[in-house]
Amino acid sequence: MRSFKAVGFDLDGTLFDHHRSASQAVDALIRVVGAEPSARVRQVWFENEDAEFERWRLGEISFQEQRRRRLRAVMLALGLSSPESDGDLDALFDQYLVAYRSSWKPFHASAEVLTDLRRQGFRPGVLTNGAQAQQVDKLQAVGLYELVDAVFISEASGVQKPGPSAFRALDEGLGVHPAECVFVGDHPEHNVAGARAVGMKATLTGRYEENGVDLTAALGKILGS
């Protein structure tokens, strides 16, 4: 008799191809401000995205402020002056968001994996840090929302990964005990260590250079063992 009843997933970088979508949106934003896209500027964007999002996760700054800080860093890297007012910064970030949303894509196997899990009798769920409206919109826009049984997003739930309360909330929502749930994600601390701390099994996503995340291989490490 199998011991697992549910599988939890991170969203960005696991089910959803955030890096590719954001890269395309950053290039569009750079053109808006009259500069040429480059790998160096994209690197600055993602480095600051990681750093400022972490400050938000820790409660040090607001969600909107972490966006403004990312913009200021990129404008500095481009040798350009940032808009002076918060309102102008927010308006510029809104242009990035339009381009970001138009580029949204799941990883190639996400829908297939979720559908197959349900077919086998598992309960799939999503646990993600981020803004409620945007994360739900992502799942709905790329066709994954109806394929999962529970969605927990930090802004609405009030608990952040890797905190144990976040993973316990997912287990409760899926109606399972921690030992009956596997968690899959792309971050060693936020996803894997956080899940294991409450008694869940967890694995990092595998990656293919061209096709992105290999969810099948990641799940096979546990469900096939």
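Biologist: How many positive and negative side chains does the protein chain have, and how far apart do the centres of the two sets lie?

Modeller: In this predicted model, the count takes Lys and Arg as positive and Asp and Glu as negative, leaving out His and the chain ends. Each charge is placed at NZ of Lys, CZ of Arg, CG of Asp or CD of Glu. Here there are 25 positive and 31 negative side chains, with the two centres 4 Å apart. Residues are numbered from 1 along each chain as its sequence is written, and side-chain values use heavy atoms, without hydrogens and water. Local features need pLDDT of at least 70 and side-chain atom pairs count only at pLDDT 80 or more, while totals for chains, interfaces and linings use all residues.

Biologist: Thanks! Which residues of helix α5 are buried?

Modeller: Start with the general idea: an α-helix has 3.6 residues a turn, so residues three or four places apart point the same way. Helices are DSSP runs of H or I with at least four residues, strands are runs of E with at least two, and both are numbered from the N terminus. Buried means under 20% relative accessible area, exposed over 50%, and partly exposed in between, with a 1.4 Å probe and protein chains only. In α5, residues 110-119, the buried ones are Ser110, Val113, Leu114 and Leu117. They share one side of α5, because their arc around the axis is only 95°, taken from the directions from the helix axis to the C-beta atoms.

Biologist: What does the face turned away from the buried side of α5 carry?

Modeller: That face has the exposed residues Glu112 and Arg119. After α5 comes glycine 121, with a positive phi near 95°.

Biologist: Now cysteine 181: is it buried or exposed?

Modeller: Cysteine 181 counts as buried because its relative accessibility is 0%. This residue lies in strand β4, residues 181-185. A contact means heavy atoms within 4.5 Å. Beyond neighbours within four places in sequence, the contacts of cysteine 181 include Phe4, Ala6, Leu174 and Met200.

Biologist: And where is glutamate 180 found?

Modeller: Glutamate 180 sits in the loop between α8 (164-174) and β4. At 16% relative accessibility, glutamate 180 counts as buried. Setting aside neighbours within four places in sequence, glutamate 180 touches Ser3, Phe4, Lys5 and Ala6.

Biologist: Finally, how many helices and strands are there in the protein chain?

Modeller: There are 10 helices and 7 strands. Buried residues make up 51% of the 225 residues.
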